[in-house]
There are 2 protein chains.
Amino acid sequence: MTRKRFDDMGCSVACALNEVGDWWSLLVVKQAMLGTRRFVDFQHSLGIAKNILCNRLSRLVDNGVMVRVDVGEHGKRYEYRLTDKGRDLFTVVTALRQWSERWNGEKDTMQLVDRQTGKPLAPVAVQNQQGQTLTVRDVRFVDEDGKPLEEAG
Amino acid sequence: MTRKRFDDMGCSVACALNEVGDWWSLLVVKQAMLGTRRFVDFQHSLGIAKNILCNRLSRLVDNGVMVRVDVGEHGKRYEYRLTDKGRDLFTVVTALRQWSERWNGEKDTMQLVDRQTGKPLAPVAVQNQQGQTLTVRDVRFVDEDGKPLEEAG
DNA sequence: CTTATTTGGTTTCTTAATGCAACCATTCTG
DNA sequence: CAGAATGGTTGCATTAAGAAACCAAATAAG
């Protein structure tokens with residue numbers, strides 16, 4: 001059977017997971033954010049099988065998350081770079097990283113700091129328009145008419 | 001061959017993906033944030049096969065993201081509820097939802113608003129300690145000694 | 001109280017995805 | 001030119017996913 005499609009469930013989250021929701025895609029994006037661009041470098045840094053990497057890179061390119069740039073002088077030698085869409089996943093990757101560090105402990109010797117100040121980042125949080133942090137209990141899920149759907153819990 | 005393990009790669013992101021990195025887990029969490037608690041309700045709202053749902057719920061419980069609460073009066077009748085760890089994924093789910101809406105258009109009739117004001121949420125963003133928004137180019141990746149690793153791209 | 005239905009699974013079977021290793025054409029390097 | 005590296009593709013074995021059938025306990029209907 002074909003894997004279930006997530007892009008027609010009428011849900012933005014499902015649609016996002018359809019593009020980057022598998023085991024490897026977000027790790028490839030994360031690695032690209034660290035500066036990795038070449039096929040072999042992704043392969044070695046992630047320890048991913050070549051055919052899987054090949055498949056994931058193709059899908060990321062198809063979905064506009066990365067681009068394949070020909071950097072060979074006479075022929076084929078490629079770099080995979082993040083697009084604006086791909087770089088915009090920085091929020092998602094960082095939120096995921098911080099969540100893991102908060103609940104599973106520091107598995108990573110690496111740290112992210114503000115390039116200007118050298119200080120660690122603030123925790124990524126959902127905020128209202130005044131900049132106040134909101135939990136899932138502080139929001140309401142409404143339809144297009146503004147009617148509430150269900151209660152969060 | 002067994003699926004690659006992500007929890008011993010020395011990467012927090014990989015560790016997070018080991019828990020919620022598959023196609024269904026985050027959707028189950030998202031649905032729980034909408035208020036869904038019962039097995040059949042997850043099944044119908046997500047359109048997921050029963051054995052897969054069973055497996056995902058077990059894994060989420062094992063990882064401390066959800067708890068199974070016995071609500072039967074004399075015997076077994078269960079509810080699955082988010083733990084604090086699970087509710088803390090709100091940031092990740094919201095960031096993913098906003099990313100998808102920004103780049104793939106509104107696939108969702110549902111909207112999230114501040115329960116107090118009724119107004120839409122601010123975009124989830126990575127910020128420094130002064131509250132300024134940072135892109136991936138504004139951060140540096142350093143090791144435990146503060147030495148820079150590679151350049152982001 | 002008895003029967004029907006719902007709930008929360010498990011089992012079986014088929015198809016798809018993953019991982020590993022081998023192979024291959026082109027392209028740099030020495 | 002020889003040899004290594006790059007960026008794949010192919011084949012095979014194992015695992016996961018999806019659909020449907022089946023099932024025991026618990027609840028609802030009458």
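This is a predicted model: local features need pLDDT of at least 70, side-chain atom pairs count only at pLDDT 80 or more; totals for chains, interfaces and linings use all residues.
## Arrangement of the two chains

Chain B is superposed on chain A by a rotation of 180° with 0.0 Å of shift along the axis, and the RMSD is 0.0 Å. That is the relation of a two-fold axis.

The contact surfaces follow a corresponding pattern. Because 100% of the interface residues of chain B are also interface residues in chain A, the copies meet through the same surface.

## The interface

Contacts join 86 residues of chain B to 87 residues of chain A. Between them the two chains bury about 8,800 Å², and 61% of this area is on carbon and sulfur atoms. In chain B, the residues that lose the most area to chain A are B:Trp23, B:Trp99 and B:Arg115, which together account for 11% of what that side buries.

Charged side chains also meet across the interface, where two salt bridges are found. In a salt bridge between A:Arg102 and B:Asp88, the distance from N to O is 2.9 Å.

## Enclosed space

Rolling a probe the size of a water molecule over the atoms shows where empty space is left. In this model, five cavities of 30 Å³ or more are counted.

The largest cavity holds about 90 Å³ of space. It is lined by 14 residues, of which A:Leu17, A:Val20, A:Leu26, B:Leu17 and B:Leu26 are the closest to its centre. Helix H1 (12-20) and helix H6 (90-104) of chain A, together with helix H1 (12-20) and helix H6 (90-104) of chain B, each give two or more residues to this lining. By residue type, the lining comprises 10 nonpolar, two polar and two charged residues.

Conventions
Residues are numbered from 1 along each chain as its sequence is written. Chains are lettered from A and ligands numbered from 1 in the order in which they are written. Side-chain values use heavy atoms; hydrogens and water are left out. Copies are superposed by least squares on the C-alpha atoms of residues with pLDDT of at least 70 in both. Contact means heavy atoms within 4.5 Å. On a 1 Å grid over the protein atoms alone, a cavity is a set of points where a 1.4 Å probe fits but cannot get out, and a pocket is an open set with protein on both sides within 12 Å along at least five of seven lines; lining residues have an atom within 4 Å of a point. Grid points are joined across faces, edges and corners, and a volume is the space filled by probe spheres set on the points. Helices (H or I, at least four residues) and strands (E, at least two) are DSSP runs, numbered from the N terminus. Ala, Val, Leu, Ile, Met, Phe, Trp, Tyr, Cys and Pro count as nonpolar, Asp, Glu, Lys and Arg as charged, and the others, Gly among them, as polar. Buried area is the accessible area (1.4 Å probe) that two parts lose on being put together, summed over both. A salt bridge is a side-chain nitrogen of Lys or Arg within 4 Å of a carboxyl oxygen of Asp or Glu.
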